[in-house]
Amino acid sequence: MILVLLGTFSIEFSRPLIAIENALKKGEINEEIIVQAGHTTYHSNLLTIRSFINPTELEELYQRAEIIVTHAGVGSILRGFRMNKKIIAIARLHKFKEHVDDHQVDILEEFARNNYLIPWREDDDFADLLAQARKFTPSPFVSTKKDLEGFIINYIENL
């Protein structure tokens, strides 16, 4: 099963769902896809889409998922790291009116640079990313308060 998390930000973010559904239609994906869509309205006969999933069930879905596909929000990503999941992350982009700025691009690139996840960039093919994820061995992410503070400080200093 693949768990897709679009975040809880109040702006639509259907771009990844369109790409995932297209890959399903082409037969490039066989797994069940469960989506927590947040405020994104998207209708599909191929994806199991729910607006919000309660925390207990979401935790179970994280554990069941072979791969997590998520917006480049730190909370969703860090939860996947804690569970040693393979993560494909995609930034919400300002130019598509998916967010108020492009801060998620910076988050995505920093985690990708450290080999913690697979970045889904604008022109990437989802089926190719999924194939890459199946073979991917992420670098271990050790989360301590000091490490997280250092990561945030480094991120801010390099803006």
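Lys95 is exposed, with a relative accessible area of 54%; here exposed means over 50% relative accessible area, buried means under 20%, and partly exposed is in between (1.4 Å probe, protein chains only). Those areas come from the Shrake-Rupley method with a 1.4 Å probe, and for residues only the protein chains shown count as cover. Keep in mind that this is a predicted model, where local features need pLDDT of at least 70 and side-chain atom pairs count only at pLDDT 80 or more, while totals for chains, interfaces and linings use all residues. Residues are numbered from 1 along each chain as its sequence is written, and side-chain values use heavy atoms, with hydrogens and water left out.

What does Lys95 meet in a salt bridge? Its partner is the side chain of Glu122, at 2.8 Å from N to O. A salt bridge, by the way, is a side-chain nitrogen of Lys or Arg within 4 Å of a carboxyl oxygen of Asp or Glu. Glu122 sits in the loop between strand 6 (118-120) and helix 5 (126-135), and Lys95 in the loop between strand 5 (86-90) and helix 4 (103-113), so the pair ties together parts that are 27 residues apart in sequence. Glu122 itself is partly exposed, at 39% relative accessibility.

Arg121 is partly exposed at 38%, and Glu109 is partly exposed at 30%.

The structure holds nine salt bridges. One of them joins the side chains of Arg50 and Glu57 at 2.6 Å, N to O; Arg50 is partly exposed at 29% relative accessibility, and Glu57 is partly exposed at 25%. There's also a network of salt bridges that links Glu31, Glu66 and Arg134.

Glu28, Asp123, Asp124, Asp125 and Asp128 form a negative surface patch. Patches are made of residues with over 30% relative accessible area and no salt bridge, with like charges joined within 9 Å and nonpolar side chains (Val, Leu, Ile, Met, Phe, Trp, Tyr) within 5 Å. Asp and Glu count as negative and Lys and Arg as positive, with His and the chain ends not counted; the place of a charge is taken as NZ of Lys, CZ of Arg, CG of Asp or CD of Glu. Glu28 is found in the loop between helix 1 (15-25) and strand 2 (33-36), and is partly exposed at 37%.

Let's turn to Phe126, in helix 5. Phe126 is buried, with a relative accessible area of 2%. Leaving aside neighbours within four places in sequence, Phe126 is in contact (heavy atoms within 4.5 Å) with Ala19, Ile20, Ala23, Ile29, Val69, Ile88 and Trp120. Ala19 is 107 residues away from Phe126 in sequence, yet their C-alpha atoms are 6.4 Å apart in space.

Finally, the whole chain. It has six helices and six strands, which are DSSP runs numbered from the N terminus (helices H or I, at least four residues; strands E, at least two). From the N terminus on, they run β-α-β-β-α-β-α-β-α-β-α-α. Of the chain's 159 residues, 46% count as buried.
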